[in-house]
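I opened this model with a notebook beside me and a few things to look up. Here are my entries, in the order I made them.

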Amino acid sequence: MRSHETPFYFYDLDLLRKTLAEVKRCAFDGNEQGGRYHVHYALKACHTPEVMQTIFDAGLGADCVSGGEVRAAIEAGVSPDRIVFAGVAKADWEIRYALQHDIACLNVESIEELENIDLIAAGMGVVARVCLRINPNINPHTHKKITTGLSINKFGISLDDMMGAVMRCQELTHISFEGLHFHIGSQLTDFSPFRSLCVRISQLVHQIEECGISVRHINVGGGLGVSYEHPNYYCMPDFEGYFKVFRTALALREDQHLHFELGRSVVAQCGSLITRVLYVKHTSQKEFVMVDAGMTDLIRPALYDALHKIENLTALHEGRTERGRYDVVGPICESSDVFAEDYELPLCLRGDIIAIRTAGAYGEVMASCYNLRRLPGHIVSDGK
Ligand code: LLP
């Protein structure tokens with residue numbers, strides 16, 4: 001069967017459901033502000049239909065960054081009033097599509113985009129609800145390529161321009177200013193940048209409200225990190241600690257709502273890339289385990305120097321005790337097509353099945369057909 005040919009993604013829906021239960025427990029239970037907390041799933045992390053459906057069945061809203069994602073969320077049955085749309089530069093058709101479907105909010109990333117949304121909304125005879133995405137210039141202390149909240153990054157409206165943008169919202173007749181949006185970066189395992197973000201948000205909200213303009217919605221984006229080193233031990237991200245930061249550092253008024261856009265932390269641990277050893281190649285320098293998955297199937301190691309835990313499932317099953325150190329590489333014609341260097345594994349043999357773990361987020365969605373390869377398939381386990 002096509003989907004069982006390696007390489008393919010495997011998703012454990014039981015673990016996903018447990019993760020979703022933990023998200024809801026930590027966000028809402030015993031939280032007196034919980035009724036005003038809203039968790040949106042950032043579907044850019046994984047939009048495999050069975051995964052998305054499980055998440056939306058659990059009641060999460062949707063965070064989208066393209067018209068295609070807004071469409072996918074609507075087609076998956078998410079109510080438009082639970083869909084938010086960020087995206088650093090939205091095309092006219094994307095804005096029109098979002099307005100046609102009357103989604104909850106467009107997160108606007110520049111004054112230029114704001115003016116364009118007003119123009120399109122006027123043409124359609126509607127009023128666009130917007131949050132302004134502010135670039136708070138906070139260092140998230142994560143990989144450079146997944147840092148978004150520094151002033152050198154292309155995202156959001158700068159602190160200097162914020163008040164001007166808020167005032168422009170008041171003048172534009174087809175714009176309704178709803179609040180502020182932030183997203184400082186991804187894969188944060190140290191929570192202090194989130195604390196700094198809360199302090200900054202409180203200052204900015206105060207600054208705006210002093211002008212008599214109310215900030216009803218605050219969206220803090222996503223970013224909660226996961227353990228790539230020990231996915232078996234830490235299969236559950238620290239949702240408890242994460243939500244606690246916001247509960248304690250961000251006081252909401254009665255009529256204020258707090259939105260989260262979690263992607264990676266929801267889906268990373270439930271997915272693995274399953275691949276097969278094609279050859280074990282010995283050179284005078286190294287031993288290469290050459291697998292049939294490559295950077296076209298999982299680009300994170302090549303793009304962000306990410307190290308995903310690798311397991312030889314066949315060797316584990318057979319109880320092989322001998323071990324070796326290998327470079328685990330793919331078949332793509334690129335030197336960066338490397339999953340791990342000098343990595344300890346049980347003795348590897350041609351035909352062994354390998355799992356590359358913590359691949360549920362930004363794995364299958366980032367696959368490409370480079371080298372005219374075919375896209376990986378996927379299977380889900382469902383003990384429901
Ligand atoms: N909201 C916005 C506006 C975003 O740009 C992102 C991610 C999220 C929410 C979700 O963030 P998360 O909870 O997943 O950290 N491909 C990279 C990650 C790129 C993240 C892009 N934005 C990777 O594989 O590490």
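Predicted model: local features only at pLDDT ≥ 70, side-chain atom pairs only at ≥ 80, totals over all residues.

**Entry: helix α6.** I began with the buried residues of helix α6 (residues 159-171), and they are Met162, Met163, Ala165, Val166 and Cys169. Seen down the axis of α6, these buried residues fall within an arc of 165 degrees, so they line one face of the helix. The arc is taken over the directions from the helix axis to the C-beta atoms. On the face turned away from the buried side of α6 I found the exposed residues Asp160 and Glu171. My cut-offs: buried is under 20% relative accessible area, exposed is over 50%, and partly exposed is in between, with a 1.4 Å probe and protein chains only. The buried residues of α6 pack against α5 (111-124), β6 (128-135), β7 (157-158), β8 (175-181) and α7 (192-209). Contact here means heavy atoms within 4.5 Å. Helices (H or I, at least four residues) and strands (E, at least two) are DSSP runs, numbered from the N terminus.

**Entry: ground rules.** Residues are numbered from 1 along each chain as its sequence is written, and side-chain values use heavy atoms, with hydrogens and water left out.

**Entry: α1 with α2.** Next I looked at helix α1 (residues 13-28) and helix α2 (residues 49-57), whose axes come within 10 Å and cross at roughly 30 degrees. The axes are lines fitted to C-alpha atoms, for helices over the stretch in contact, and angles run from 0 to 180 degrees between N-to-C directions. I listed Leu13, Leu16, Arg17 and Leu20 on the α1 side of the contact, and Glu50, Val51, Thr54 and Ile55 on the α2 side. By class, this contact of α1 with α2 has 5 nonpolar, 1 polar and 2 charged residues. Nonpolar covers Ala, Val, Leu, Ile, Met, Phe, Trp, Tyr, Cys and Pro, charged covers Asp, Glu, Lys and Arg, and polar covers the others, Gly among them.

**Entry: α1 with α8.** At what angle do α1 and helix α8 (residues 239-249) pack? I read about 25 degrees, with the axes of α1 and α8 9 Å apart. That makes α1 roughly parallel to α8. Thr19, Glu22, Val23, Arg25, Cys26 and Ala27 of α1 meet Phe239, Glu240, Phe243 and Arg247 of α8. The tally by class for α1 with α8 is 5 nonpolar, 1 polar and 4 charged residues.

Entry: Most residues other than glycine have a negative phi, and most peptide bonds are trans. I noted that the peptide bond from Thr6 to Pro7 is cis, with omega near -5 degrees; Pro7 lies in the segment before β1 (8-12). Asp305, not a glycine, has a positive phi near 55 degrees and sits in the loop between α10 (300-304) and β13 (310-312). Tyr362 also has a positive phi, about 55 degrees, and its place is in the loop between β16 (353-356) and β17 (377-381). Are these two buried or exposed? Asp305 is exposed, with a relative accessible area of 63%, whereas Tyr362 counts as buried at 15%.

**Entry: Ser186.** Tyr362 turned up again here: leaving aside neighbours within four places in sequence, Ser186 is in contact with Thr142, Ile146, Gly223, Arg264 and Tyr362. Ser186 lies in the loop between β8 and α7 and is buried, with a relative accessible area of 11%.

Note on methods: Parallel < 35°, antiparallel > 145°, perpendicular 65-115°, else oblique.
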